[in-house]
Amino acid sequence: MDIIAAYREAGTFRGAAQIAGTTHKTVRRVIARHEAGGAAPERAPRGHNYDGVAALVAERVEKTSGRISAKRLLPAARAGGYAGSARNFRRLVAAAKQAWRREHHRGRRPAVWSPGEHLVIDWGSEGGLHVFCAVLAWCRFRFVRFAADERAETTLALLAECLEVLGGVPGKVLADRMGCLKGGVVADVVVPTAEYVRFAGHYGFRPDFCQAHDPESKGIVEHLVGYAKADLMVPQAPFAGLAAANAAAAAWCAEVNAAVHSEICAVPAEQLVIERELLGPLPSLRASIGRQVVRKVDRLSCVRFGSARYSVPVRLIGESVKLRTDDGRLLVIMTAAGQVVAEHVLVAPGEASVRDEHYGGPRPAPRRAVRPKTAAEKEFCALGPVAEVFITGAAAAGNTRLGPELAELNTLRAAHGDDAFAAALDRAAAFGRWRAADVRSILAAGPGTADPRPAGDALVLELPVVPVRPLADYAIGRLS
C-alpha cells in the first residue's frame with residue numbers, strides 16, 4: 001500500500017509504518033514532503049558548539065600564519081566560553097588552518113630548467129662522514145663525493161672537481177645558505193664571501209643562494225642527498241677510508257648516470273653530451289688569479305681600462321673598485337666586499353662597453369620639449385598636446401613664419417572656440433599644412449570636409465570550381 005494512503009487510513013506515523021512495511025521516520029519524511037508540495041522541506045540550520053569562539057580561532061590562526069596548534073588554543077577558547085570536547089575543537093582549528101592556507105598559498109610551480117644554466121649543490125652528513133652532492137639540473141647528471149669537513153676550501157675544491165667532471169661551467173651555481181660560502185646577509189640577500197666570488201669569477205659562473213627556510217627551491221639536490229645516503233652510504237658503510245669512500249662514490253655515480261632517469265625518461269650521461277655544448281669553457285688552471293688594478297668610478301659611472309670605458313652601476317660613482325681580466329672578460333669587483341658588480345667583454349681602445357641595467361634601463365630617446373616663453377607662445381601652447389604637435393611639425397617642415405603667425409592663430413582660436421580650433425590644428429597637422437592661412441581655410445570649410453582614410457586590403461574572393469568540358473564534346477558527328 002502507498003505510504004500516503006496508509007497514513008490516511010491509520011492516521012498515525014507508526015500505524016502507517018506497520019501497514020506499509022517501513023519505519024515511522026520514513027513515513028514522517030514522506031508526509032512532510034507531500035504537505036510541502038512535493039519538495040523536501042527546508043531544514044533549519046543547526047549551529048555548532050564552537051561558533052562562539054570561531055572568530056577567536058580565525059584571528060589567532062591569521063596572526064601565527066597557520067602555525068598555532070589546537071592544544072595551545074584550547075585554553076583561550078575555554079576562557080572564551082567554549083564548553084565542547086577537545087576533538088570537536090581540533091576540527092574547528094583544522095578547518096581554520098585549511099581556509100588560511102587556501103587564501104595564502106605560495107603558488108609554487110614546477111621548476112623549468114634550461115640547458116647549461118643551473119648546477120645545484122648541497123652538503124649532507126651520515127655517521128660522521130660528509131657528502132657533497134651536485135646536480136646539473138637539465139640533464140640530471142649527478143656528482144657525489146665524500147669529505148671530512150664542510151669548510152670553504154673543501155667545498156670549492158669539490159666544486160672545481162665537479163666542473164672538471166662535467167667538462168664545462170654552467171651559468172649559475174645554486175646553493176643553500178652555507179656558512180662556508182656566506183659572507184653575510186643584508187635585507188635577506190646573501191652576500192657571498194670574497195673567496196667564493198673570486199672563485200666564481202675565475203670559472204665564469206654566477207653564485208646564487210636559496211631563500212631562507214625554503215628547501216623546496218633546491219629539492220632536486222635534496223633528493224640526491226637522501227638517495228646517496230640510502231643507496232650508497234648506508235649499504236656500503238663503513239668505508240676503509242676517505243679514498244675508498246670516494247672511489248665507491250665515483251663508481252656509484254657512473255652507475256646511476258648510466259641508467260634511465262625516471263623524471264626525464266633519458267640517460268643523464270647521454271644528455272650531458274648535449275648540454276656540454278652549452279656550458280662555458282673550463283679555465284686552463286684550477287685556481288689562477290687574474291691581474292687586478294684599482295680604478296675610481298667617474299661621473300659617467302664608468303671606469304677606464306686599456307684606453308676603453310666600461311660601465312658600472314651608478315651607485316658606485318666616486319667609489320674605488322678592482323678590475324680583473326680573465327679569458328677575454330673584465331670583472332669589476334668591489335674593493336671592500338670582493339663582490340663582482342659588473343662583467344664586460346674586453347673591447348678595443350677608444351671604445352666603450354655600456355650595459356643598460358647599470359643605468360636603470362635602456363637609453364631614453366632624445367626629446368626636445370616645447371617650452372613657451374612669450375605671451376603668444378604660452379597662450380597658444382595652453383591648448384594642449386595638439387598645439388605642441390603643430391609647433392614641432394611646423395618647425396620640422398621649416399616654417400620660418402610660425403613665430404609671427406602665432407598671434408593670428410590665437411585670434412582664430414578666440415573667434416572659433418577651443419574645440420573647433422583644436423580640430424582644425426589636428427587636421428592641419430595630419431595633412432602637413434603649417435600656415436595660419438591653412439588653418440583659417442580649414443575653419444572656414446567647417447565640419448563638412450572629407451575625412452579620407454587609407455585604402456584597405458584587397459578583396460579576394462574564391463570562386464567556386466565548376467566542371468569544364470572540352471569543345472570536342474559538342475561536335476556533330478565528325479564535324480567540329
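Mentor: The structure holds 13 aromatic pairs, where rings of Phe, Tyr and Trp (its six-membered ring) pair if their centres lie within 6.5 Å, and planes under 30 degrees apart count as stacked, over 60 as edge-to-face and the rest as tilted. This is a predicted model: local features need pLDDT of at least 70, side-chain atom pairs count only at pLDDT 80 or more, and totals for chains, interfaces and linings use all residues. Residues are numbered from 1 along each chain as its sequence is written, and side-chain values use heavy atoms, with hydrogens and water left out.

One of the pairs joins Tyr227 and Trp252, edge-to-face, at 5.1 Å centre to centre with 65 degrees between the planes. Tyr227 belongs to helix 9 (residues 219-236) and Trp252 to helix 10 (residues 242-257), so this pair ties together parts that are 25 residues apart in sequence. Helices here are DSSP runs of H or I with at least four residues, numbered from the N terminus. Tyr227 is partly exposed, at a relative accessible area of 29%, whereas Trp252 is buried, at 4%; buried means under 20%, exposed over 50% and partly exposed in between, with a 1.4 Å probe and protein chains only.

Elsewhere, ring pairs link Tyr196, Phe199, Tyr203, Phe205 and Phe209 into a cluster. A ring may also face a charge: the charged end of Arg469 sits over the ring of Tyr474, 5.0 Å from its centre. That term requires NZ of Lys or CZ of Arg within 6 Å of the ring centre and within 35 degrees of the ring normal.

Notes: Helix = DSSP H or I, 4+ residues; strand = E, 2+ residues; numbered from the N terminus.
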